[in-house]
Amino acid sequence: MSGGAGVPGGGCAAGGVGRCHGGKRLGHGHGAAQEGAERGPGQVQAGAAGQNKQHSITKNTAKLDRETEELHHDRVPLEVGKVIQQGRQSKGLTQKDLATKINEKPQVIADYECGRAIPNNQVLGKIERAIGLKLRGRDIGKPLEAGPKGK
């Protein structure tokens, strides 16, 4: 059972055992194949067992648990949700009507009104233009200044 690196009867690309490096046996990655012949079938190389460390507990586990519990996405403030609802109702629109008008799903409008949505500036901008009220910045709920941006 001596053969390594896919070369019959050899341990190195140079041919057989002993041809590599002028007959000297140097350990450069060929040792496992050459020494493999010295072990019997079913024997594992010493130190190779138990290398899978996915189940070992590290000292940073508690720290990682604390961090993952504290990290979460910000949600739309309830104040913004109420402004969206009032603006939509003042225009006589249902959630579905508003969603259709801004090319979004009705569930998106429902999530924004309930404060469950993660704020997206594109969606907020479309809702602002549809209901005519500001939803971002200091002037939340104030009328939107008319006039497109000049490029």
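1. A salt bridge is taken here as a side-chain nitrogen of Lys or Arg within 4 Å of a carboxyl oxygen of Asp or Glu, and the structure holds four of them. The model is a predicted one, in which local features need pLDDT of at least 70 and side-chain atom pairs count only at pLDDT 80 or more, while totals for chains, interfaces and linings use all residues. Residues are numbered from 1 along each chain as its sequence is written, and side-chain values use heavy atoms, with hydrogens and water left out.

2. One of the salt bridges joins the side chains of E104 and K126, at 2.9 Å from N to O. Because E104 lies in the loop between helix 4 (95-101) and helix 5 (106-114) whereas K126 lies in helix 6, the pair ties together parts that are 22 residues apart in sequence; helices here are DSSP runs (H or I, at least four residues), numbered from the N terminus. E104, at 24% relative accessibility, counts as partly exposed, and K126 counts as partly exposed at 26%, where buried means under 20% relative accessible area, exposed means over 50%, and partly exposed lies in between (1.4 Å probe, protein chains only).

3. A further salt bridge is formed by the side chains of R116 and D111, at 2.8 Å from N to O, and R116 is partly exposed at 47% relative accessibility. In the salt bridge between R136 and E128, the closest N and O atoms are 2.7 Å apart; here R136 is partly exposed, with a relative accessible area of 30%, whereas E128 is buried, at 6%.

4. Helix 3 (residues 78-90) and helix 6 (residues 121-131) pack at an angle of about 35°, with their axes 9 Å apart, the axes being lines fitted to C-alpha atoms over the stretch in contact and the angles running from 0 to 180 degrees between N-to-C directions. The crossing of helix 3 past helix 6 is left-handed, that is, the near helix is turned anticlockwise from the far one by less than a right angle.

5. In this packing, V80, V83, I84, G87 and R88 of helix 3 meet L124, I127 and I131 of helix 6, with contact meaning heavy atoms within 4.5 Å. By class, the contact of helix 3 with helix 6 has six nonpolar, one polar and one charged residues.

6. E113 lies in helix 5 and is buried, with a relative accessible area of 8%. Leaving aside residues up to four places away in sequence, E113 touches L78, G81, I84, Q85, R88 and Q95.

Technical notes
Helix = DSSP H or I, 4+ residues; strand = E, 2+ residues; numbered from the N terminus. Nonpolar A, V, L, I, M, F, W, Y, C, P; charged D, E, K, R; others polar.
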